[in-house]
Amino acid sequence: MALPVAEWQARTARLWAALDPALRERLAAASLHDAVRLGCDLLREEEEEAALLRLCQQARTDKEPEAASWYREQGNREFKRGQYQAALRLYSKAASHELPGSPEVSVCFANRSAALLRLGHFEICLEDIARAESHGYPDRLLPKVLLRKAECLLCLERLQDAQEILGVLESKTALDGVMTAHLTRLKKLSQLKVKLGEKERCPEPAGEARGGIQGEAEIWEENSSISGASSTLCLSFDAERGRHLVASQDIVPGQSLVKEEAFVSVLCPGESLPLQDGDTAWDTRATNADLYCHRCLKQLLASVPCQGCSYAKYCSQDCADVAWQQYHRTECSLGALLLTLGVFCHVALRTVLLAGFAEVSRLVAWSHRGDKNLQNPEARCKPLSEAADAGAGNRGIPGCGSNGRYQSSYQALFHLLPHTEQHSPEHKFLCTLSVVAMCKQLQAAGLEAAVLNQESPHQQSKPKTFEETSDELSPELKTLAEAMLRHVLQLQCNAQAITVMQELGPGDGAVVDKKPVRLATAFFPVLSLLNHSCCPNTSVSFSGTAATVRASQPISSGQEVLHCYGPHWCRMRVAERQQLLRQYFFECRCRACLEELESGVKSVVSIRNSFCCPKCQAQMQGEEDTLCCSNEACATSASREHLSGCLQDLQQQIKKALDLLRVGKADQAIKMLLKCQKDAGTFLSPEHLLMGEMEDHLAQVYATLGKWQEAARHLKKSIEIVEMHHGPSSVESGQELFKLAQILFNGFAVSEALSTIQRAEGILSVHFGPQSAQIQELQEMKACLSELPRNILQRT
């Protein structure tokens, strides 16, 4: 959740309403500096600390050995049932709750290694075995783990290492007599040792299977004036659009325009059910916090837990160590507070920790000097040539260095517009009290020194003479609070959601269904230069914390490079888009909006997603509560409320059908979906997106049953509707074609599969690049089909 929890929002709203009107007026007009000062006075330590403490207790981030034991037992239960993926996640949860150095944590790693072995993740299994050994795994149980280690080494064909482990096992059996139950297994492994030893003398050619599959490297020349941007772009300015990027030459679809690492990113925790009073069990569901590294956002298999809290998890010890050094040593004990105050506050704190107090205080002090560049938008956006001639970065484009180069840096981030005057007073008050509360907690927890020591040694502050009290923030923390308030306000217009394509369901089927999921919130200073359009000419994709912007259509020299902030013209009507875009404090005047507003013609989205007449199936029309059939000869009318209720009922039935599929009742799911399809035909347009979604769901069910031809037939109908709404070269069409390629591949429809792969590859490479995982999978399918005997290819 971007903003604080609802209870804290309600509390600050009551505080705001209770303020004297004159004070409310002062707060509404206050600068960031004055807002922090007033916020410190208004935040009553005794009352608000108790309120925050109660809210933080709902977000448990401390180590809880009792929870660790419970999760481990649940993991053992799932392991015995053969549900190794579920067991893996539960063992990871258990490890995150164990106290560092306890013998139980080694048992968690050892148990998790058993699940990893069953899932075929041999290298990671060896890592967990090493973790178990380094954390003091009991000697009496060690032979069992060594046996597992030997099996992994054999599977990886590391024969010499495996033989050494087997030798140790044999000696331990002779000496200790504790391996009786494993003797049969040991003999089988000994036989495998000999066979694999022979195989080792005839190694297979390395990389033969994947030869020629890797995508070609993209040609990239970085801009000399804008870090992370292509040389095909330049920075421009006008009074209406502010800073923006323009093509300096003709650009073709698929061409990379920006490659930028996030200055800061924070994992969105994902939803979790709050525990009820009296509950003894803990939540077993996996959220983003369990599935992705909290630093680099890499997908987790066997997480490395933080030693201080149960929340932060990493893909490796290296990532954990870097995170600790850069910011987590400060954040660790504040986990529950950060979850309570929301992702925007968390991003703001991590931003100032990464920047370092010296840089933060320098820029905050600069903003206090009343520099004209801070208030004058034209001065903020001088062309790069003028910035370079200016000699000093603060007289050129804000964010540029003295050489006029616009970099992905804290200086560039600091100069993103916070729109202080345009936020509602209530929202600014909420943000102010939240950052002040966080800084007071930093001070109360004794973390102020850690925050101020982020700077390099030669920039250390002078010894403080300020006498700290429980009610007053130090001047340094007030400076941090002001910078953090600035960043929280900036995020409303400049936050970038890092998204990933996440598998729906267990992900073990022949056809993988995926949906985009918001994974993290980040600041990208260069990406923030792109202005919005409801019909953009770019596509943004992510790999970990890195963003890549590609041209999604031809861009002519001199044309602005545009990014969609969310409401795309294909997905909603202009009135709905304009409503959503108000949060960015501008009125969209893009081509799609102007055409729809000025022409007076009804939106294509409205026409395609319309209700149809239950008698003659013509389009229903009207802006009032009663809709009328567009066929004058029919003249049937119906209540909008009634038709909307039918649509909601239909969506509930579809959800029930998908629930049946998830529990393995595919035949029942088909019957329910076919009935839904029939019912929908009586009141929805044949082009309605929901009609396409039902075709997609039917294809999914038939694929689950291995009925590939039937699955392909339904998916082709879905593709027709998707292309009608989003266009044949859209990323949505590419994703549907990717699924069709999987179905045709599994159904052995070779010729059609090859042509579909080619279409999907052409679209997805434009949006995600030739190195993306989906392109690699398509190329693997193509290579496999191309190697089939000629007579089979001719028949299909």
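I count a residue as buried under 20% relative accessible area, exposed over 50% and partly exposed in between, using a 1.4 Å probe and protein chains only. The model is predicted, so I take local features only at pLDDT of at least 70 and side-chain atom pairs only at pLDDT 80 or more, while totals for chains, interfaces and linings use all residues. I number residues from 1 along each chain as its sequence is written, and side-chain values use heavy atoms, with hydrogens and water left out.

**Entry 1: positive phi**

I looked up His419. Its relative accessible area is 18%, so His419 is buried. His419 is not a glycine, yet its phi is positive, about 50°. Most residues other than glycine have a negative phi. I find His419 in the loop between α20 (410-414) and α21. Helices here are DSSP runs of H or I with at least four residues, strands are runs of E with at least two, and both are numbered from the N terminus.

Next I checked Phe748. Phe748 also has a positive phi, near 65°. It sits in the loop between α31 (731-746) and α32 (750-768). Phe748 counts as partly exposed, at 43% relative accessibility.

**Entry 2**

I traced an open sheet of 3 strands, in the order β13-β14-β15, with antiparallel pairing. I call two strands paired if DSSP finds at least two bridges between them. β13 and β15 are the edge strands, each pairing on one side only. Strand β13 (residues 620-621) is joined to β14 by 2 bridges. Met620 has Cys629 of β14 as its bridge partner. The hairpin of β13 and β14 has 4 residues between the strands, and Gly622 there takes a positive phi near 130°. Leu627 has Ala638 of β15 as its bridge partner.

Which side chains of β14 (residues 626-629) are buried? Leu627 and Cys629 are, and they point to one face.

Helix α27 (residues 640-662) lies across β14 and β15, at about 65° to β15.

**Entry 3: α16 against α23**

Helix α16 (residues 357-368) packs on helix α23 (residues 475-494) at about 75°, with the axes 10 Å apart. The two helices are therefore roughly perpendicular, a label for angles of 65 to 115 degrees. From α16 the contact (heavy atoms within 4.5 Å) uses residues including Phe357, Val360 and Val364. From α23, Leu480 and Ala483 are among them.

**Entry 4: nonpolar cores**

I define a nonpolar core as buried Ala, Val, Leu, Ile, Met, Phe, Trp, Tyr and Cys residues joined through side-chain atoms within 4.5 Å. The largest has 114 residues, and Trp8, Leu245, Leu349 and Tyr410 touch the most other members. Helix α21 (residues 425-444) gives the largest share, 10 residues. Leu349 touches Glu331, Leu334, Leu338, Met438, Leu442 and Met484, not counting residues up to four places away in sequence. A second, separate core of 53 residues includes Leu737, Phe738, Val750 and Leu764.

Technical notes: Axes fitted to C-alpha atoms, helices over the stretch in contact; angles between N-to-C directions. Parallel < 35°, antiparallel > 145°, perpendicular 65-115°, else oblique.
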